[in-house]
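Dear colleague,

Please find below the structure that I am handing over to you.

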Amino acid sequence: MDPHDALMQQALALARDAIGRSEPNPRVGCVLVSADGQRVLGQGSTQRAGQAHAEIMALRDAAALGHAVTGATAYVSLEPCSHHGRTGPCCDALLAAGIGRVVAALPDPNPLVAGEGFARLRAGGVEVIVGPGADESRELNIGFFSRMVRATPWVRMKIAASLDGRTALENGASQWITSTEARADGHAWRARAGAVLTGIGTVRDDNPRLDVRAVPTPRQPDVVVVDSRLETPPDANLFQPGRRLIIYGAVQDAQREAALAAGGAEVVLLPGPGGKVDLPALLRDLAARGVNELHVEAGHKLNGSLVREGLVDELLVYLAPKLIGIGREMAHFGPLASLAEALPLHFMSIGRVGPDLRIVARVAGRDRFGPVQPS
């Protein structure tokens, strides 16, 4: 086993603590270890945007414990940043502290960093090792990598269905197909997303809140509605104080725009073919707003549109042990001319959540964007 693996795993565990907190920044953990590798001197993870990054938190922790870090090794789950954003460069802070070695999982895909942090550390006499924990770090930050490399969020479609693939009765009734345990697990996945997307059909049928209630969270994800004709009721449950709500439309209607804006929503018009919202443009706009992971909880029509346009990266499917028969499908698209045209998926994980089955399936090839090689 690589001698760095155990300490990098500790840094990655800290990075996981930043889920739901660090957006739009990546989830990063840092562990400072004595030069002989025997003592942990300090540790930390990325805080809210505009607050301290993982390296700074670890340095503060070491100082609070009275530990000198001169000559120490910093285990960081992503390349220390090298640019001035809301905070100063972490590579400069490590240099100023006298860190002797940095072990990082991966280069930062942000073009403002992209190896510059490593270069500045090496120029300052710091030994830099890159690679331990690379796969885990990229997976933990797959939304950040997607936004930096593809300029779109990582799109995860959540579906709750019966064993025969029905998401609602023919009349639209869907509450509740899956169990309380599955719904709580779904809230945990909501919490890790930068935004939750739904369609006007779901807003009308279910009047959801789409917030995180079943698990603790340091922040609520933004809410995004695809609503071509701006038909979202101004008194819908999606309108919550202090929470960003973006409604994407395709047809200009000054009166409806004003009513929605008065309730606190931001209306963005992105007209596409057939009077519908331009979904690829919507994803690009969300990425520009800092959304790393987009969690989709929509009906069969919008799900089908996203699949048809090749915009889905991953499916999060909860299957209940029941049969419904005639009802609404997971995603309405097709018909396909042959089975060869079916959307290919790879099962990432399969497990039980309460009485239900949870499947995470990734669209084949969607995670092969812009490989970042250790340097």
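The model is predicted. It contains an open sheet of nine strands with mixed pairing, in the order 11-10-9-8-12-6-13-16-15. Strand 11 (265–269) and strand 15 (345–353) form the edges; each has a single partner strand, so one side of each lacks a neighbour in the sheet. On average, and ignoring direction, neighbouring strands are turned by 20 degrees against each other.

Helix 7 (residues 180–192) packs on this sheet and touches strands including strand 6, strand 8 and strand 12. The direction of helix 7 makes about 165 degrees with that of strand 13.

Within the sheet, strand 6 (residues 154–162) is mostly covered, with eight of its nine residues buried. Strand 6 runs parallel to strand 12 (residues 293–296), and four bridges join the two; here methionine 157 has valine 296 as its bridge partner. With strand 13 (residues 314–320), strand 6 pairs in the parallel sense over seven bridges, and isoleucine 159 is partnered by valine 317. Strand 8 (residues 195–199) likewise pairs in the parallel sense with strand 9 (residues 222–226), over five bridges, where glycine 199 stands opposite valine 226.

Threonine 202 belongs to helix 8 (residues 200–206). Threonine 202 counts as buried because its relative accessibility is 15%, under the 20% limit. Its side chain reaches the backbone nitrogen of glycine 299 at 3.3 Å. Beyond four places in sequence, threonine 202 is in contact with Asn207, Pro208, Glu297, Ala298 and Gly299.

Yours sincerely

Technical notes:
Residues numbered from 1 in each chain as written. Predicted model: local features only at pLDDT ≥ 70, side-chain atom pairs only at ≥ 80, totals over all residues. Heavy atoms only, no water. Buried < 20%, exposed > 50% of the residue type's maximum accessible area, 1.4 Å probe, protein only. Pairing = 2+ DSSP bridges. Polar contact = N/O pair within 3.5 Å; in protein donor to acceptor, adjacent residues only side chain to side chain. Contact = heavy atoms within 4.5 Å. Axes fitted to C-alpha atoms, helices over the stretch in contact; angles between N-to-C directions.
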